[in-house]
Amino acid sequence: MSAHKLVGLAGSFNRPSKTFALVENVAGLAGEKYGFDNTIYDLTDVGPSLGQALRRDDLDSRAREVIDDIVNADVLVIGAPTYKGSYPGLFKHLIDLIDPHELRAKPIIITATGGGDRHALMVEHQLRPLFGFFMSHTLPTAVYASDRDFTDYRVSSDPLSKRIGEVIGELEAFFPGRSRALIAAE
């Protein structure tokens, strides 16, 4: 059985980044459980052509590769930092360069980070409707993490780890029988 491809996208330029750390954590655990091949990107990987692109064809080859990986993935882990109650503009611009049919029916784990609890509903009020427009399958459990959920850019909170475990379990509906134990037995 060939490995499925998971792509993570952290909508941040910062390195290190709590958003990248969260996406990487979720993707890593999903990869371990289901045997996915993982690739994680942030906006720095997309590069400077993003800000000047009016159309996908305006992007440089590296940015086009990132979008190709996103649309060809079997599953996505999307993470956005919270800026003024929403996701960053360049993150949205990248998503705007994707044709709606390219994400149709794709399972997506939505995550976000922010300084405190007051931004916790960003996953529900901003990210879920965004990917609903694409008719993607955003998984029922969304993951929001605040600064206190991290230690040295690593997930360190038990409640956050529990939510991550819940959403990874929800992927079973899309990849039945793909647990690492079953793959190893093949």
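Contact here means heavy atoms within 4.5 Å. The exercises below use that cut-off throughout.

This is a predicted model, in which local features need pLDDT of at least 70 and side-chain atom pairs count only at pLDDT 80 or more, while totals for chains, interfaces and linings use all residues. Residues are numbered from 1 along each chain as its sequence is written, and side-chain values use heavy atoms, with hydrogens and water left out.

**Exercise 1. Describe how H4 and H5 pack.**

Step 1: Two packed helices are described by the angle between their axes and the distance between the axes. Axes are lines fitted to C-alpha atoms, for helices over the stretch in contact, and angles run from 0 to 180 degrees between N-to-C directions.

Step 2: read them off. H4 and helix H5 (residues 122-133) pack at an angle of about 15°, and their axes are 12 Å apart. H4 is therefore roughly parallel to H5. Angles under 35 degrees count as roughly parallel, over 145 as roughly antiparallel, 65 to 115 as roughly perpendicular and the rest as oblique.

Step 3: assign the hand. The crossing of H4 with H5 is right-handed. A crossing is right-handed if the near helix is turned clockwise from the far one by less than a right angle, and left-handed if anticlockwise.

Step 4: name the residues. H4 contributes Phe91, Lys92 and Ile95, and H5 contributes Leu127, Leu130 and Phe131. They divide into five nonpolar, no polar and one charged. In this scheme Ala, Val, Leu, Ile, Met, Phe, Trp, Tyr, Cys and Pro count as nonpolar, Asp, Glu, Lys and Arg as charged, and the others, Gly among them, as polar.

Step 5: look at another residue of H4. Histidine 93 is found in helix H4. Leaving aside neighbours within four places in sequence, histidine 93 is in contact with Leu50 and Ala53.

**Exercise 2. Work out how H1 and H6 cross, and which residues meet.**

Step 1: take the geometry. Helix H1 (residues 18-34) and helix H6 (residues 158-170) have axes that come within 10 Å and cross at roughly 45°. That angle makes H1 oblique to H6.

Step 2: H1 passes H6 in a right-handed crossing.

Step 3: list both sides. From H1 come Leu22, Asn25, Val26, Leu29, Ala30, Lys33 and Tyr34, which meet Leu160, Ile164, Ile168 and Gly169 in H6. This contact has eight nonpolar residues, two polar and one charged.

**Exercise 3. Is leucine 103 buried or exposed, and what does it contact?**

Step 1: locate the residue. Leucine 103 is in the loop between H4 and E4.

Step 2: apply the cut-off. At 0% relative accessibility, leucine 103 counts as buried.

Step 3: gather the partners. Beyond its neighbours within four places in sequence, leucine 103 is in contact with Ile70, Val71, Leu76, Ile98, Phe131, Phe134, Met135 and Ser136.

**Exercise 4. Inspect the backbone at proline 16, alanine 105 and tyrosine 153.**

Step 1: start with the peptide bond. The bond from arginine 15 to proline 16 is cis, with omega near 0°. Proline 16 sits in the loop between strand E1 (5-10) and H1.

Step 2: turn to alanine 105. Its phi is near 65°, a positive value in a residue other than glycine. Alanine 105 is partly exposed, with a relative accessible area of 42%.

Step 3: finish with tyrosine 153. This residue has a positive phi of about 60° although it is not a glycine. Tyrosine 153 lies in the loop between strand E7 (150-151) and strand E8 (154-155), and at 39% relative accessibility it counts as partly exposed.

Key. Helices (H or I, at least four residues) and strands (E, at least two) are DSSP runs, numbered from the N terminus. Buried means under 20% relative accessible area, exposed over 50%, partly exposed in between (1.4 Å probe, protein chains only).
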